[in-house]
Amino acid sequence: MFAMNPKARRLVLLAVFLAALSSNAQEATLKKLTAQAGDLYRQAKYGQAVHVGQEALQVAEKTFGPSHRDVATALGNLAEYQRAAGNYPEAETLQKRALLLDQKLLGPDHPDVAVDLNNLAMLYDSLGRYADAEPFYNQALEIDQHALGADHPDVATDLNNLAEAYRAQGKLKEAEPLFRRALAIWEKQPGPNPRGIATALSNLGALVAARGKNAEAEQLLARALEKWRQAVRADHPAIAATLRTLGSVQASSHEYAKAQSSFEQALAIDEKAHTKAGDQQSARDLTNLGLALFQQRKYEDAEERFQRALTLDEANYGKEHLTVASDANNLAEAYRAEGKYKTAEPLYRRAALIDEKLLGPDHPDLANDLNNIGALYFSEGRYADAEPVLKRALTIKQDALGPNDPKLLQILDNYAIVLRALNRNADAAAIEARAKGIRAKAAKP
């Protein structure tokens, strides 16, 4: 969830006339630029941080030449701001330059080289290249443990980031002890470090939730929120992200009213962003909120959130996108639950058409769409129309997953009900027996 950059990097929005400044004045300007950029970064104002970081790099290169430590720092800082702003190619080029320069000036085992390795790995994290990130995080950890000691805060950062790479690859058992060790290091530091503690608590909470430990996860995430609110402004994206994770844990524990509150708070933060990324996240928040409302049978409220999510995602991604298909399906579900079958059907069909076009005619997601259409037809009493749709859904899914996968059960149950309604009792009994066998097999330890 959260990776961390242990090195404060530097910048600011000052109009300077480089040629007219003395060396001392340029160094002072560089310090001011660096400080301002770091402050903008901590406030998640990444675009402004990039602008100031570019200015700081120009000042550093003019003041010190191309091969100086302050130039390496400015390169690394700007790379991190570009990464946070989503400008990944620029970030990678800058970070590799910083790494090579630091290795040349400081040697391969210096803590600042570990910073560069960590930040390069963070870039690969942002690109979803977790396996590529892992060795760089490991190198950074080895350097910092040797140079700084096993209980240094930078070691905690390295542990956190490596654990995140493991978690993203599904290596949950490997990740958990690293998160716990990072948290222990941050908690025993002599000075308060709410941001580090909040990061570890958030990540550990998400991980234990993924391992099915919802009660512990909820406690960890509630503690994380307290720490985040001590460390950052009230509308910081980290608070929204932690609220979103907490809401998901609460929903999986069937605490839908609590989940609703968490998602509403996350949405309020994300709607303030006024950026494309913010709109994308707001759409996810609306979907989560709609699902929590749906589970509470607040169908009209769910419908309104699903419609807003669909509108945002159409603007974000276009009319034919997998996220838009999911939104259309969710909105159709709300209409179906309200008995608005004629309004629901074209949305179900739209979701199926998008999924079939983008995923192919044999994908399990298309089977889910067809199952929903079949269930809608059954609700309308259109049993003869429902039967071939459900039969096709079953064929697609069992071909993809095998004949005994528990994910077939919903389609099997629906198909059996439709067959009973058509008085095909022998066929229905065979389907019911098959479903019973799958359930019995799944229940065995």
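Biologist: In this predicted model, what makes helix α17 roughly parallel to helix α19?

Modeller: The axes of α17 (residues 364–379) and α19 (residues 409–421) cross at roughly 30° and come within 10 Å. Angles under 35 degrees count as roughly parallel, so α17 is roughly parallel to α19.

Biologist: Is the crossing left-handed or right-handed?

Modeller: α17 passes α19 in a left-handed crossing.

Biologist: Which residues make the contact?

Modeller: From α17 come A367, N371, A375 and F378, and from α19 come Q410, I411, N414, I417, V418 and A421. By class, that contact has 7 nonpolar residues, 3 polar ones and no charged ones.

Biologist: Thanks! Let's turn to α3. How do you know that its length is close to the expected one?

Modeller: Helix α3 covers residues 69–84, which is 16 residues.

Biologist: What does the whole chain look like in helices, strands and burial?

Modeller: The chain has 20 helices and 0 strands, and 49% of its 445 residues count as buried. Its C-alpha atoms fill a box of roughly 90 × 45 × 35 Å along the principal axes.

Conventions:
Residues are numbered from 1 along each chain as its sequence is written. This is a predicted model: local features need pLDDT of at least 70, side-chain atom pairs count only at pLDDT 80 or more; totals for chains, interfaces and linings use all residues. Side-chain values use heavy atoms; hydrogens and water are left out. Helices (H or I, at least four residues) and strands (E, at least two) are DSSP runs, numbered from the N terminus. The expected span of a helix is 1.5 Å times one less than its number of residues. Axes are lines fitted to C-alpha atoms, for helices over the stretch in contact, and angles run from 0 to 180 degrees between N-to-C directions. Angles under 35 degrees count as roughly parallel, over 145 as roughly antiparallel, 65 to 115 as roughly perpendicular and the rest as oblique. A crossing is left-handed if the near helix is turned anticlockwise from the far one by less than a right angle, and right-handed if clockwise. Contact means heavy atoms within 4.5 Å. Ala, Val, Leu, Ile, Met, Phe, Trp, Tyr, Cys and Pro count as nonpolar, Asp, Glu, Lys and Arg as charged, and the others, Gly among them, as polar. Buried means under 20% relative accessible area, exposed over 50%, partly exposed in between (1.4 Å probe, protein chains only).
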